[in-house]
Amino acid sequence: MSEARPLLSVSGLAKSFFGVRVLHGVDFDVFPGEALGLVGENGSGKSTCVNIIGGVLKPDAGEMSLNGAPYHPLSPKGAASAGIAFIHQELNLFGNLSIEENLFIERLPKHRMLPLIDRRAVRARAVQLLREVELDLPPTTPVARLSQGERQLIEIAKAISMNAKVVIFDEPTTSLTRHEVDRLFTIIARLKARGIGMIYISHALDDVMAVCERITVLRDGAVLGGGPRDEFSLARIISLMVGRAIDTIYPERMVPPRADPVLRVEGLAQPGVAKDITFDIKEGEVVGLGGLMGSGRSELARMIFGLDAFSRGRIIVGDKVLANPTPREAIDAGMAFLTEDRRGEGLLMDFSIAENTILAALGRFARAAGMLEWRKVVTESKTMAGRVHLSTDRVVETRAKHLSGGNQQKIVIGKWLMRMPKLFILDEPTRGIDVGAKQEVYRIINALVEAGSAVLLISSEIEELMGLSDRILTIYRGELTGSFARAAFDREILMGAVTRPPRAEAG
Amino acid sequence: MVPDAGRQARRGGFAGRLVRSEYFVLLLCALYALAAYPFVPVLFSAEVAGNMIADMSPLLIVAVGQTFVLVIAGIDLSITAVIALSAVVGASIMTQAGGYLPGNGGVLPAILAMLGVGGAVGLLNGLSVTRLNMPPFLVTLATRMFFAGLAIWYTTFHTTSSSIADLPPLFTGLYDFVVLTLPIGESVLTLPLLPVLIAVIVVIGAHVTLSRTMLGRWIYAVGANRRTARVSGIPVESTIILAFTICGVCAALTGILMSSRLQTGSPILGENVLLDVIGAVVIGGTSLFGGKGKIVWTLSGVLFLVLLDTTLKLLGASLFLIFIIKGAVILAAATLDTLRNRIFVEH
């Protein structure tokens, strides 16, 4: 490891929100040409730390220095001009503007004489920056047309153009395909070669181990351990993060699947999205659906649940045939659907936990003339909060937006458990939530399945599919390419099945 | 988890609680009345109070309907056209000067027809918004122009004057059916009980619907996040259509009361109330972005606007001055709403 002077040094950082301390004197250093992995569960204080460094929040106590000089950003803008670039999880680009306009939006070069933008200077600089991040696109392309991974590269190019000394990455890989992740890592290596320091926040601990030279583990706002990567193993990081050793991430299920199918999908087809898809799911069975982003895995789930239309085929739930389902019919037939967009489709963010919990099961609380029994709403929401191990039981006072991602996801799960679904479709149920919350989600899934429900699980993490499923289906460009029983699970084969069309595999 | 607990905690203190309170606008009304008292002492007389309550009733009913539409993240600009069209349709049925069912016997059919007009226009608005996927602003702007024009055109078939008069005594007597006359001190409180009673029923019914029923949950969910509502199995389209229909029927009800009071069916009835109605609802604190709004808030907003109107008129302010002040107050209310959310509720 380098013995150089740290680029960014943080010591004794403390911060409280409304009298509750969320950071208790956090120290860490970022060295030039190195990446520091900042890991911890949701709510451990990672975001607060980087928000302070990025000038979004002001610390209550603690010192920061950048290149040896004291560093006290007053605003995100101040942080940016000091050389801190923050690449957020939700990217801050303007979809309606072109790549080059986005790159220079804060300081578009002006024409020498006229009060106009010097388009030629913009173009030349943009081309150069795009080459540095290996993005082979004309700078005039509207950002709306770019994939999530390409947008991220634009953000990185922007950081380079502003001569950033430290780049903060917040969960950079969550919405990337594997290929895009590899490209991102190549570019991170290039940034390191230029002497740029990085703070890398991620729940994907494998990625952290692959990218970072140093690791700092946070728990409840304090540093639990820090040092060179070689001193850490995955198991040690996890036990530091959650405060206990987790030996089996995926809990065993005691009850095997039964024979009766809960869901039968027959010849489902929609031009450009799904091609003649047929499969079934049995009582007490977890079927994993593996596929790349854009393979049609989420679209398939949306069609089954009646959110998207399909042109041919039918869906049978129990003994009900749904030829043209709506979400309401799907729910009445016993389905539940946790979509991948928790904030946009799962929750009413401004509403209380109770209001969210009852949303799909309002009929249960209605008496004559649709009058709701509020007392019952509150007691049952509290019971549900306990069942899904929510961090609070103040179900009426607490709004969904004030909870962490893991707890928000638990509310969505609780909302559907209220209906005791026969078939629960889970699309990326653990995206962006920490190890502890993940395990709880797995526990809830298992309890539901042992009680006889069936689950269709969609996940980008092959390990998660392998750990939870009884059977895995693979999908590639709207076509099922394989069905694997638990005994036949193999990482390599599964990876192959999701990345290749079926014919290529046969040939 | 620690930050969760931290963020939940809201800034306390008396000022904070006051500003966040449901009754903040009501409190402002009281403060305003107190402040205005030295300049217009008659404000507290029974006569003026009675007038204010009477003025409030029709406005309140149409504002309640508007609240439903605003909560589902819509807006209904067509309410004044509904008021006008229902007025002339009703009048054309029962007018003693050549109506379809002249005389007192035509009053009930006329009233039903008026409510029907309101419901139909509301339904049309709702269907256009959901089926054609058009923004509510555009839809109701179009229906407003269309039906306002239609009201005037329709009138020309029934009368040569500007409004359809000669309404049967049963209808014109409706507004003043039971008048409470109560001498208090030197002044006399005169209160037409029927419109007040109707307004009270509408307010209570709407309040219970929004706060206590399943339909209320649907309306708030659709307004807060349509996609979440859909995934959760809520009939989003029917909820939107219903909200617009309720709004239309409320506007027609206001049309009935106003026509009865003016004793004529005028195609320009209620022409000026649109901005008062939307203004009142917004002053109350209902969000134009949907998902947030209460009938109690609307009640306070309407009261505030009527109070403002009355004091300014008593002070002898000219019409344009009243407009200027009302505009400023609505702007201030909107700003205040943003501010109080930012300062006292968020971290």
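Which strand of chain B gives the most to the nonpolar patch? Strand E1 (residues 179–184) does, with three residues. Strands here are DSSP runs of E with at least two residues, helices are runs of H or I with at least four, and both are numbered from the N terminus. The patch covers about 510 Å² and is made by Phe177(B), Val178(B), Leu180(B), Leu182(B), Ile184(B) and Leu193(B). Patch residues have over 30% relative accessible area and no salt bridge; nonpolar side chains (Val, Leu, Ile, Met, Phe, Trp, Tyr) are joined within 5 Å, like charges within 9 Å. Leu182(B) sits in strand E1 of chain B. Its relative accessible area is 39%, so it counts as partly exposed. Buried means under 20%, exposed over 50%, and partly exposed lies in between (1.4 Å probe, protein chains only).

This is a predicted model, where local features need pLDDT of at least 70, side-chain atom pairs count only at pLDDT 80 or more, and totals for chains, interfaces and linings use all residues. Residues are numbered from 1 along each chain as its sequence is written, chains are lettered from A in the order in which they are written, and side-chain values use heavy atoms, without hydrogens and water.

The predictor gives the complex an ipTM of 0.86 and a pTM of 0.81. Chain B averages a pLDDT (confidence in each residue, from 0 to 100) of 89. Within chain B, confidence is lowest in helix H1 (residues 2–8), at a mean of 37, and highest in helix H6 (residues 107–131), at 97.

Now the interface. 49 residues of chain A are in contact (heavy atoms within 4.5 Å) with 33 residues of chain B. The two chains bury about 3,500 Å² between them, and carbon and sulfur atoms give 60% of that. Buried area is the accessible area (1.4 Å probe) lost on putting two parts together, summed over both. Three salt bridges run between the chains. Each is a side-chain nitrogen of Lys or Arg within 4 Å of a carboxyl oxygen of Asp or Glu. Arg227(B) pairs with Glu345(A) at 3.5 Å, N to O.

Chain A has salt bridges of its own. Asp470(A) meets Arg253(A), with the closest N and O atoms 3.1 Å apart. Asp470(A) lies in the loop between helix H16 (462–468) and strand E19 (471–476), and Arg253(A) in the loop between helix H8 (234–242) and strand E11 (261–270), so the pair ties together parts 217 residues apart in sequence. Both residues are buried.

Note on methods: Accessible areas come from the Shrake-Rupley method with a 1.4 Å probe; for residues, only the protein chains shown count as cover. pLDDT is the predictor's confidence in each residue, from 0 to 100.
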